[in-house]
Amino acid sequence: LLKYRKVYNMSNYKDLSVVQVQSIPNILIRERWLFWGFFGHSIINHNYNLKTIEDDKVVIDHATGLMWHQNGSSTYMSWNEVEKWMMSLNTNGFAGYHDWRLPTVEEAALLLESSKKDDLYLDHIFNNKQQLIWTGDKCGSEAAWIVNFINGYVGWRYFYNGLYIRPVRFMR
C-alpha cells in the first residue's frame, strides 16, 4: 500500500491504538472492547444523494463532504490485494475521478447507523454486500482497522483476512 499512498498522497492514514479509535468524534459507543474496538454508531445527520456519473454509481454525503463508491468491491480481498484493486479503480477513473482511496477508520465508522436497515447498520442507499470493510488506518504492523455493518462493530483484523472495500474521496 505504500506505492498507493505515495501516488495518491495517502498521508491521512495513521497507526491508531484502541484507545484512539474509541475516541473518534461524532460516534456514540454502545459497548467498548478493551483490546479490540467498540460497537457504536454515528451521531451525524447524513444527507445522502445517489448519483450516476459516467454509468458509475456514487453516494454523495453532503453532511461530511465525502463521495462514496456505492457498491464497493464485489469480493473479499486480503490487505495485499487492496492496492491493485484501488490502482485499477483510479487508473480507470471511476465516475470520472482518479483520487479514490480507502476510508480512514473515522470516515468508515461515520457510516454506521443507529439501527439496522435490511439487517445492516448501514443506510439503504449503499449496496448491502459489503458487510465488513477495510480502512486505510492500521493497528500495529500486522493489522488494519475495519468496520462491520452486520453488528455495528469497529475493530481490527490481521492483513491476511479477506474483507470488502468501499472507496471514498473528498468532494471538491
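## Terms and basis

Two strands are taken to pair if DSSP finds at least two bridges between them, while helices (H or I, at least four residues) and strands (E, at least two) are DSSP runs, numbered from the N terminus. The model is a predicted one, in which local features need pLDDT of at least 70 and side-chain atom pairs count only at pLDDT 80 or more, whereas totals for chains, interfaces and linings use all residues. Residues are numbered from 1 along each chain as its sequence is written, and side-chain values use heavy atoms, with hydrogens and water left out.

Strands in the order 3-4-5-9 make up an open sheet of four, with antiparallel pairing. Its edges are strand 3 (48-53) and strand 9, each of which pairs on one side only. Neighbouring strands of this sheet are turned by 30 degrees against each other on average, direction ignored; here axes are lines fitted to C-alpha atoms, for helices over the stretch in contact, and angles run from 0 to 180 degrees between N-to-C directions.

Six bridges in the antiparallel sense pair strand 3 with strand 4 (residues 56-61), and across this pairing lysine 51 stands opposite valine 58 of strand 4, while tyrosine 48 stands opposite aspartate 61 of strand 4. The two strands form a hairpin with two residues between them, and glutamate 54 in the turn has a positive phi of about 50 degrees. Strand 4 is also joined to strand 5 (residues 66-69), running antiparallel, by four bridges, with methionine 67 in strand 5 as the bridge partner of isoleucine 60. This second hairpin, of strand 4 and strand 5, has four residues between its strands, and glycine 65 in the turn has a positive phi of about 80 degrees.

Tryptophan 33 has glycine 37 in strand 2 as its bridge partner. Strand 7 (residues 143-148) and strand 8 (residues 153-158), also antiparallel, are joined by six bridges, and arginine 157 in strand 8 is the bridge partner of alanine 144.

## Salt bridges

The structure holds three salt bridges, each being a side-chain nitrogen of Lys or Arg within 4 Å of a carboxyl oxygen of Asp or Glu. One of them links arginine 169 with aspartate 99, their closest N and O atoms being 2.6 Å apart. Arginine 169 lies in strand 9 (residues 168-170) and aspartate 99 in the loop between helix 3 and helix 4 (105-109), so the pair ties together parts that are 70 residues apart in sequence.
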